[in-house]
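Here are a few friendly notes to read alongside the model. Take them one at a time, and find each residue in the viewer as you go.

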Amino acid sequence: MGIPEYNAEARFAALAEVLTSEGVDVDDVKSKLKAQEVETPSWGYGNSGTRFGVFPQPGAARDVHERLSDAAQVHKVTGVCPGVALHIPWDKVDDYDALQQEAADLGVHIGAINPNVFQEQDYKLGSFGHRDPAVRQMALDHMYECVDIMERTNSKVLSLWFADGTNYPGQDDLIERKRRFEEGLGKTHAALPEGARMLIEYKFFEPAFYHTDIADWGMALNFAIKAGPKAEVLVDLGHHPLCTNIEHLVALLLDEGRLGGFHFNNRKYADDDLTTGSVNLYEVFLIYHEILNAERRGTAANIAYMIDQSHIIKPKVEAMIQSVLNIQTAYARALLVDRAALAEAQAEEDTVAAEEILRNAYDTDVRPLLAVVRQELGAAADPLVAYRQSGYFERIAEERQGELEGAASWG
Ligand code: PSV
Ligand code: MN
C-alpha cells in the first residue's frame with residue numbers, strides 16, 4: 001500500500017485559477033513560500049526516549065556527522081530546511097571549519113547553537129540559578145564556549161533553555177534565584193558576537209516540578225529586557241500550561257519586538273514532542289496569522305523558526321518531514337487570509353464573517369500549491385514518497401550498527 005500518489009500539476013492549475021479569481025496574488029504567495037525556512041534539530045535524529053527509558057531505532061544517527069546527513073535529507077525533499085541546530089556538547093567536534101564544510105557539502109548550514117547546562121551532575125540543583133557561585137561560573141564558562149562555537153560556525157543564534165527550578169516549597173529563595181539568573185543572562189548577553197542574538201526559552205514545568213526559574217513568556221520577556229537588546233523570547237509550543245492562547249502571546253511579543261524564535265512541535269498533555277500540527281494544526285495557522293498580521297502593520301520580526309521534536313515511535317527523518325509539511329501547510333493557509341476583508345468585517349463587528357474569513361483560508365487544500373513550490377525549489381512534490389523511494393532509510397538502517405566511539409548524545 002504505502003503513501004497514496006498525488007497529481008500535483010492538474011490540481012495546482014485549478015487552485016491557482018480559483019485563488020486568482022478571488023484576488024490572491026499567487027506568484028507572491030509562491031515566492032513567500034519559497035523564502036520560508038525551518039531549522040531542524042540535530043538531536044531530533046538520534047535515539048531518545050521517555051522518562052522511563054530510551055528506545056533505540058534502526059538507523060538513528062549516532063554522531064553529529066550522521067545527524068547532519070539526516071537533516072540534509074529533510075532539506076533535500078522539502079527545500080525549506082537548510083539550517084541545522086546544534087546542541088553542545090552532544091555535537092561538539094574538534095574542527096568546526098571541517099564541520100561547516102561538511103554541512104555545506106551536504107547542502108545545509110549550522111544554525112542555532114544550544115548550550116546544555118542540564119546534564120552534568122553539577123547541575124542537579126541548577127545552573128545559573130544554583131546557590132553555589134562555582135556552579136554558576138561553570139554554566140557561564142559553557143556559555144562562553146558556545147559563543148566561541150558560534151563564531152567558528154558563523155551561527156547568529158544562541159538558543160538558551162534552562163532546566164533550573166526547585167521541587168519543593170522552601171527549597172531555595174526564589175528572589176535570590178531570579179537575581180542569579182539576571183546576572184548570568186546579562187554576562188552571556190555581553191559576550192555575544194557581533195550581529196548575534198540570544199533566545200530565552202521558557203517552560204513552566206519539568207524537570208523541576210515545584211517551580212521553574214523561567215516558567216513562562218512573561219518571565220522570559222522580563223529577563224530578555226533586562227539582559228539587553230540582543231535578547232529575545234523563544235516560544236516552544238510544548239512548554240505551556242494546557243489552554244494557553246499561544247497566538248495571543250505571540251502577537252504581544254511581536255508587538256514588543258521581542259519574539260526571537262519558535263521551537264515547533266505539538267502536545268496533547270505536556271511537553272509531548274509530537275509531530276507539529278498532528279494534534280492542533282489550526283493553532284499553527286493562527287500563530288502564522290498573527291505573524292503576518294504584525295508584518296502587515298510594519299513589524300518585520302527576525303524570527304528563527306526551528307523544530308524541537310524527538311520521536312520514539314515514528315522513524316525520525318519521516319517524522320521531521322511530516323512536521324515540515326504541516327508547518328508549510330499552516331503558513332500557506334495563513335498567506336491566503338483575505339486581510340482587507342478581515343479588517344472590514346472587524347470594523348463592522350461582523351464576528352461571524354471575520355471567523356469565516358479565517359476558516360475559508362484554513363480550509364483551502366494547499367497541497368497542490370506546496371507541491372509546485374517544492375518542485376520549483378528543486379525539492380520533491382511529495383517529500384515523503386521521494387524520501388521513501390530514495391532508499392536512504394534502508395541504507396542507514398544497514399550501516400548504522402553499534403555505538404560510535406566517543407560520540408555524545410541524549411540517551
Ligand atoms: C527542553 O524541553 C527543550 O525544549 C529545550 O529546547 C532543549 O534544548 C530541548 O528540549 C532538547 O532537550
Ligand atoms: Mn525547546
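1. Let's start with Asp 28, which is partly exposed, its relative accessible area being 31%. Please keep in mind from here on that this is a predicted model. Which side chain does Asp 28 meet in a salt bridge? The partner is Lys 32, with 2.9 Å from N to O. Lys 32 is also partly exposed, at a relative accessible area of 32%. Both residues belong to helix α2, where they sit four residues apart, or about one turn of the helix.

2. Here is the idea behind such pairs: side chains of opposite charge can pair when their charged atoms come close.

3. Now turn to Asp 271 and Lys 203, whose side chains form a salt bridge of 2.8 Å, N to O. Asp 271 is in the loop between β11 (259-264) and α9, while Lys 203 is in the loop between β8 (197-201) and β9 (211-212), so this pair ties together parts that are 68 residues apart in sequence. Is Lys 203 buried or exposed? Lys 203 counts as buried because its relative accessible area is 5%, and the cut-off for buried is under 20%.

4. Another pair to find is Arg 359 with Asp 363, where the closest N and O atoms are 3.1 Å apart. Arg 359 is partly exposed, with a relative accessible area of 28%. Salt bridges also link a network made up of Arg 131, Asp 164, Asp 172, Arg 177, Arg 180 and Asp 213.

5. Helices α10 (316-335) and α15 (392-399) each supply at least two lining residues, with α10 giving the largest share, three residues. By type, the lining has eight nonpolar, two polar and three charged residues.

6. Finally, look at the second largest pocket, which holds about 620 Å³ of space. Of its 32 lining residues, Glu 37, Asn 302, Ile 303, Ala 304 and Tyr 305 are the closest to the centre. At least two lining residues come from each of α2 (26-35), β5 (109-115), α9 (281-296) and β12 (304-307). The lining divides into 17 nonpolar, nine polar and six charged residues.

Conventions:
Residues are numbered from 1 along each chain as its sequence is written. Chains are lettered from A and ligands numbered from 1 in the order in which they are written. This is a predicted model: local features need pLDDT of at least 70, side-chain atom pairs count only at pLDDT 80 or more; totals for chains, interfaces and linings use all residues. Side-chain values use heavy atoms; hydrogens and water are left out. Ala, Val, Leu, Ile, Met, Phe, Trp, Tyr, Cys and Pro count as nonpolar, Asp, Glu, Lys and Arg as charged, and the others, Gly among them, as polar. On a 1 Å grid over the protein atoms alone, a cavity is a set of points where a 1.4 Å probe fits but cannot get out, and a pocket is an open set with protein on both sides within 12 Å along at least five of seven lines; lining residues have an atom within 4 Å of a point. Grid points are joined across faces, edges and corners, and a volume is the space filled by probe spheres set on the points. A salt bridge is a side-chain nitrogen of Lys or Arg within 4 Å of a carboxyl oxygen of Asp or Glu. Buried means under 20% relative accessible area, exposed over 50%, partly exposed in between (1.4 Å probe, protein chains only).
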